[in-house]
Amino acid sequence: MGTRRICVGALEDLPLRRGRLVRDGMDEIAVWQADGRVYAISAVCAHQHTATLHEGTRHGTMVTCPLHGWIYSLETGCAVAGSGVLKTYPVKVERGVVYVEIDDEE
Ligand code: FES
């Protein structure tokens, strides 16, 4: 088991009001900048299992799914409106470049 890094791009190019969708194999990950930090969370809403959370709206560290309004914490992946917990991923910023770290599972 190891950790891989997915390059998201330059921090300065990350939009502030929208997320960015990053794909890694079957994983679809929403990367958001919020309150001076960068977060990565599964983009797949627990409601209808669609990759929509990069297109949601953000208030602080909460992102609202654009389809039916379920709300998730970017910090924990936990739904605060709706139900379920989305996977979150560690993020590193090095020399102005954003990386998402993904654990390879057996
Ligand atoms: S698909 Fe996200 S709230 Fe329905």
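A: A residue is called buried if 20 or more other C-beta atoms lie within 10 Å of its own, exposed if 12 or fewer, and partly exposed in between, with C-beta atoms placed from the backbone. Buried residues make up 25% of the 106 residues in the protein. This is a predicted model, in which local features need pLDDT of at least 70 and side-chain atom pairs count only at pLDDT 80 or more, while totals for chains, interfaces and linings use all residues. Residues are numbered from 1 along each chain as its sequence is written.

A nonpolar core is a set of buried Ala, Val, Leu, Ile, Met, Phe, Trp, Tyr and Cys residues joined through C-beta atoms within 7 Å. The largest such core has 22 residues, and those that touch the most other members are I29, A30, V31, A40, I41, L53 and V100. At least two core residues come from each of β3 (27-34), β4 (37-42) and β11 (97-103), and β3 gives the most, with four residues; strands here are DSSP runs (E, at least two residues) and helices likewise (H or I, at least four), numbered from the N terminus. Leaving out residues up to four places away in sequence, V31 touches, among others, V8, L14, A40, V98 and V100, where contact requires C-beta atoms, placed from the backbone, within 7 Å.

An open sheet of three strands runs in the order β1-β11-β10 with antiparallel pairing, two strands being paired if DSSP finds at least two bridges between them. β1 (3-10) and β10 (91-94) each have a single partner strand, so one side of each is left without a neighbour in the sheet. Four bridges join β10 to β11, and K92 has Y99 of β11 as its bridge partner.

Technical notes. Two residues are in contact if their C-beta atoms, placed from the backbone, lie within 7 Å.
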